[in-house]
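Morning, everyone. Please have the sequence and the structure up.

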Amino acid sequence: MTNLKKTSFEYVGYRYRPLCAIEGGMLCYKKNKIFLFDSKIQKFQYIVSLERGLKSKLIEHSRLLSRLFRMEPFSAVVFDNILFVALRNKIIEISLKTHSIIHEHFFRREDIHLRRLIKITNVCGFDDCVAFGEYFSNSKKESVRIYCTVKKDNYYDWELKFAFKPKTIRHIHSLVPDHLNKCVYIFTGDSDSESGIWRAKENFTIIEPLFNGSQKYRAGTAFVKENKLFYATDSPTKPNFIYELDLKTNKINEVCKFPGSCTSSCVANDKLFFCSTVEPPEPKNHERKQMFKYYLNKKIASGIVDEFSHVLEENENGIFVDTMQFKRDIFAGPLLLFARIIPVFDEFKNELYLYCVSVKKYDGKLFKKRL
């Protein structure tokens with residue numbers, strides 16, 4: 001297991017979940033509040049409190065209860081000087097000028113929780129906006145939708161842009177803009193028939209499948225570098241790999257084996273970082289009995305190589321190196337969150353942040369290093 005004290009990473013704070021960077025520093029979430037961390041003075045500046053009830057405030061006092069109830073944000077982006085924060089059942093818009101909440105958008109279903117918000121800017125054929133694809137268990141394979149922001153008076157509302165037909169996919173893992181090819185890629189899951197890579201054009205009015213029908217196309221995160229799309233698969237049941245899709249020839253090449261399913265990653269100074277997740281076998285169905293067994297299951301799925309969350313870093317030669325390993329803690333699992341590392345890059349200060357989830361010694365701790 002990696003000892004972060006013996007690396008170039010330095011400890012930043014406990015339970016400060018990094019969201020995204022702005023010129024002033026790294027925006028973080030802790031116990032229903034948003035802070036700005038300035039690494040020059042090593043201090044957290046309070047920004048705003050999220051409007052949550054007494055129950056949520058009490059839950060946030062306990063790290064385990066916070067994990068159990070998924071209290072921390074799933075993702076966040078800054079657009080037009082507004083911080084968009086995706087929580088369990090809604091997206092909150094926070095003005096970075098006034099440090100105040102200006103709008104809340106509740107999802108159409110209570111069980112929706114986003115994999116990630118993304119920002120679409122300077123992509124020909126698309127309006128500049130923030131977008132998301134719906135993510136929920138969706139055992140009945142209902143229609144799954146994509147939404148984008150639309151400007152109102154002093155805030156942004158959300159507009160339905162596209163809806164997959166029922167029985168097509170289970171949910172959307174991520175949206176990936178491609179400026180060069182004037183499109184947005186859509187990654188979907190989870191079964192073989194539901195897993196695929198789709199290409200959207202013209203503000204999501206044109207959507208076509210590129211690849212589908214295999215766990216090879218099931219991915220949570222992806223990045224475009226020049227004319228290639230890199231992604232790490234997200235399959236608990238099958239061996240995982242990092243793949244390279246040549247966008248000129250539409251050929252997919254296997255880059256290297258990956259030690260687990262991938263749900264978190266980032267790009268820093270044009271280098272890719274992919275982090276593996278430790279999780280048990282998926283339930284046979286979503287009936288109550290099966291889900292009860294699943295949430296208490298401590299076994300490792302066949303697509304996960306060991307009890308460690310691994311961080312693979314791309315080196316100067318384009319080779320992915322397994323640089324860090326973190327063993328899951330005794331609570332890690334479907335009930336109290338899978339073991340994983342969340343990397344977030346501050347491009348303004350050239351600093352990489354690592355937030356540790358459900359791993360021994362480091363759960364809830366935030367570290368950073370200058371690249």
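I start with a side-chain pair: the side chain of Ser39 makes a polar contact with the side chain of Glu351, at 3.0 Å. A polar contact here is a pair of N or O atoms within 3.5 Å; within protein, one must be able to donate a hydrogen and the other to accept it, and residues adjacent in sequence count only if both atoms are side-chain atoms.

Before going on, the ground rules. This is a predicted model, where local features need pLDDT of at least 70 and side-chain atom pairs count only at pLDDT 80 or more, while totals for chains, interfaces and linings use all residues. Residues are numbered from 1 along each chain as its sequence is written, and side-chain values use heavy atoms, with hydrogens and water left out.

Where does Ser39 lie? Ser39 is in the loop between strand 4 (33-38) and strand 5 (43-49); strands are DSSP runs of E, at least two residues, numbered from the N terminus. Ser39 has 9% relative accessibility, so it counts as buried (under 20% relative accessible area, 1.4 Å probe, protein chains only). Leaving aside neighbours within four places in sequence, Ser39 is in contact (heavy atoms within 4.5 Å) with Lys349, Glu351, Tyr353 and Lys368.

4 strands form an open sheet in the order 18-19-20-21, with antiparallel pairing; two strands pair if DSSP finds at least two bridges between them. Strand 18 (219-225) and strand 21 (251-258) are at the edges with a single partner strand each, so one side of each has no neighbour in the sheet. Strand 18 pairs with strand 19 (residues 228-233) over 6 bridges, and Val224 has Leu229 of strand 19 as its bridge partner.

Conventions
Buried < 20%, exposed > 50% of the residue type's maximum accessible area, 1.4 Å probe, protein only.
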